[in-house]
Structures are given as C-alpha cells and as structure tokens.
Amino acid sequence: MKNIKISAITMLTLAMMLGGCAASSSTITADNEHSAPTANVSATTKIKQSGAATPTYKNKLLVGYNFQKGFAVPAKIGNFFGFSFSATQHLAMTNGVTTSEVYKTLPIVIEVNHPEINGSISSHWNDTLYFGRDNYAMWQFESDAELVTGKWTIAVKLNGETIAEKNFFVQVPPKMPAKITQVCHAQIELFPKQIQQAHSQCCDGGDGTACYTFAWRGLEHIKDTEGAQLYYAKGCELGDISSCRTAAKMATNEQQKLEFFNKACDLKDIESCIDAGRDL
C-alpha cells in the first residue's frame with residue numbers, strides 16, 4: 001500500500017489562473033497558516049484533463065503533465081495516470097469573525113481504490129490543494145505488484161469529503177512475441193486465436209493465403225517487418241499471389257524483387273508480369 005507517497009501536487013510550481021465551473025465542494029475550518037480558526041473554508045473543483053500522462057520538466061523541475069486520450073491506461077513501470085483539476089475556495093464567517101484572509105493552500109488526501117495489491121485495495125497519501133494554479137492527482141506505477149488490470153479510482157478528499165474523483169480502466173499490456181528470425185518458428189501462443197490458426201494452416205497445412213494472413217494481421221500488426229517478409233516469401237512459395245507481390249514490394253534488392261514478381265507472373269498475375277518486364 002502506498003500510504004506514503006511523494007506528492008505530485010507539491011512538486012509542481014505552475015502559476016496558472018483558475019477557470020471554469022465547480023464540480024464538487026467540501027468545507028474545513030482553517031486559517032492561512034493552519035493555526036487559530038477564523039472561517040469555514042470550502043473548495044469547489046473542476047477536473048480539466050485525465051488519463052495516462054507523461055511528466056513535463058523545466059530546468060529539471062516537474063511543472064506538469066501531458067495527458068494522452070485512450071480507453072485504457074497501460075500498466076507499465078514508470079507510467080503515470082490521473083487527472084488535473086482547478087480549485088476555487090469559498091469563505092463563510094464564523095461567530096464573532098468579521099474579516100478573513102484568502103487562503104493559498106489547504107491540506108488534502110489523495111485516495112486511490114484499486115484491485116488488490118499486496119493484500120490491500122486502497123492507498124492514500126497527504127497532499128496540498130493549491131488555489132491559483134493547476135493541481136494534479138497522479139499515480140505512478142513503481143513495482144510489478146502494482147501492474148494489475150481492472151478499475152482504479154483516484155479521489156481528492158478535503159476534510160474527509162470527496163471534492164474530485166475519476167475512474168480509470170487500467171490494463172496490463174499483453175506480452176509481445178519475440179521477433180521472428182526463422183519461418184514457422186513463432187511464439188504463436190502470444191497471438192490471438194485466429195492468428196494462431198492462420199499460422200497453423202500456413203506451416204502445417206501448406207496454405208499460402210494463411211501465410212499472408214499471419215504476416216499481415218499478425219506480424220505487421222506488431223511491427224515485425226522482417227518476420228512478415230519471411231512469411232510473405234513462404235506464402236509466395238506456396239502459390240499465393242498476394243504474398244508474392246507484397247514480398248516483392250518489401251524486397252531489399254532488385255534481384256529479390258524480380259524473383260517474387262516472376263513467381264507471381266508464373267501464377268498468371270498479369271500485373272506482376274508487367275513489373276517483371278515479361279511478355280504477356
């Protein structure tokens with residue numbers, strides 16, 4: 001459990017003006033230096049941006065985050081996610097008090113509800129709410145135990161009441177197959193079922209079209225270009241015209257390109273005959 005965590009808000013030195021309408025509020029009795037009570041202070045908030053984020057720095061100091069839109073937050077060591085929000089304060093005079101200062105900060109708690117991590121489903125830490133600048137409620141994945149798929153909720157609490165809250169779907173990215181260096185030697189268990197079937201039909205069934213499917217929908221999807229070339233070549237050998245033409249386009253030299261076009265031409269593909277410079 002992260003009961004003690006370095007505050008993302010405390011580290012920031014942004015000086016952006018407040019904006020927008022209020023989303024939620026809470027009240028606390030405080031003063032500017034957290035000493036003698038002077039007024040009931042409440043805060044309203046507005047969430048501005050949310051999602052996975054990368055920190056931004058100026059002169060080696062953290063000054064904010066760039067948020068990326070997306071359905072799921074990728075759970076990887078070092079990744080951040082959360083939200084930015086602005087806050088507006090409201091003062092109510094207590095008995096016998098006629099004046100009060102405007103407060104620059106208030107103490108808050110960041111609470112994160114998450115799938116079970118080391119036997120706990122909730123983490124929290126103390127933080128500071130700033131008025132007159134952006135605030136950030138962020139989580140950073142710091143250990144393998146925190147890489148858990150499921151619903152996560154980050155909340156900001158003032159005086160025990162939630163003043164800002166956002167739900168996230170966190171997903172551990174699937175393990176990527178190793179790059180292929182030899183045809184028909186792939187970690188097929190790491191591919192979707194339909195792609196596994198295409199690989200089996202290609203390598204065990206001698207189906208050239210299946211080789212093309214595995215290369216296009218499987219290997220090119222994970223940006224294994226060299227592996228895809230091997231399977232396009234395999235598909236071409238098995239008589240698939242699309243494999244021949246794609247292998248020709250991906251060939252690294254003119255001799256290889258001509259060989260693939262000639263193979264497609266032998267398979268009665270007129271366009272490949274033209275590309276190979278052969279008579280129709």
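This is a predicted model: local features need pLDDT of at least 70, side-chain atom pairs count only at pLDDT 80 or more; totals for chains, interfaces and linings use all residues.
- Strands of a sheet pair through backbone hydrogen bonds, and the pairing is either parallel or antiparallel.
- Strand β9 covers residues 150–158, and strand β10 covers residues 161–171.
- These two strands, β9 and β10, pair in the antiparallel sense.
- Nine bridges join β9 and β10.
- Which residue in β10 is the bridge partner of Ile 154? The partner is Lys 166.

**The helix pair α3 and α4**
- Two packed helices are described by the angle between their axes and by the distance between the axes.
- Helix α3 spans residues 208–219, and helix α4 spans residues 225–237.
- Their axes come within 7 Å and cross at roughly 165 degrees.
- An angle over 145 degrees counts as roughly antiparallel, so α3 is roughly antiparallel to α4.
- The crossing of α3 and α4 is left-handed.
- On the α3 side, the contact is made by Gly 208, Cys 211, Tyr 212, Phe 214, Ala 215, Trp 216 and Leu 219.
- On the α4 side, they meet Gly 227, Ala 228, Tyr 231, Tyr 232, Lys 234 and Gly 235.
- The residues of this contact divide into nine nonpolar, three polar and one charged.

**Two residues to look at**
- Gln 196 lies in helix α2 (residues 193–203).
- Is Gln 196 buried or exposed? The cut-off for buried is under 20% relative accessible area. Gln 196 has a relative accessible area of 19%, so Gln 196 is buried.
- Leaving aside neighbours within four places in sequence, Gln 196 is in contact with Ile 188, Glu 189 and Phe 191.
- Ser 84 lies in strand β5 (residues 80–93).
- Ser 84 has 2% relative accessibility, so Ser 84 counts as buried.
- Residues up to four places away in sequence are not counted here: Ser 84 touches Lys 46, Ile 47, Lys 48, Gln 49, Phe 67, Asn 135 and Tyr 136.

**The whole chain**
- The protein chain has seven helices and ten strands.
- Of its 280 residues, 41% count as buried.
- Take the contacts in the chain with a separation of 6 or more: residues 24 or more positions apart account for 61% of them.

Terms used. Residues are numbered from 1 along each chain as its sequence is written. Side-chain values use heavy atoms; hydrogens and water are left out. Two strands pair if DSSP finds at least two bridges between them. Helices (H or I, at least four residues) and strands (E, at least two) are DSSP runs, numbered from the N terminus. Axes are lines fitted to C-alpha atoms, for helices over the stretch in contact, and angles run from 0 to 180 degrees between N-to-C directions. Angles under 35 degrees count as roughly parallel, over 145 as roughly antiparallel, 65 to 115 as roughly perpendicular and the rest as oblique. A crossing is left-handed if the near helix is turned anticlockwise from the far one by less than a right angle, and right-handed if clockwise. Contact means heavy atoms within 4.5 Å. Ala, Val, Leu, Ile, Met, Phe, Trp, Tyr, Cys and Pro count as nonpolar, Asp, Glu, Lys and Arg as charged, and the others, Gly among them, as polar. Buried means under 20% relative accessible area, exposed over 50%, partly exposed in between (1.4 Å probe, protein chains only).
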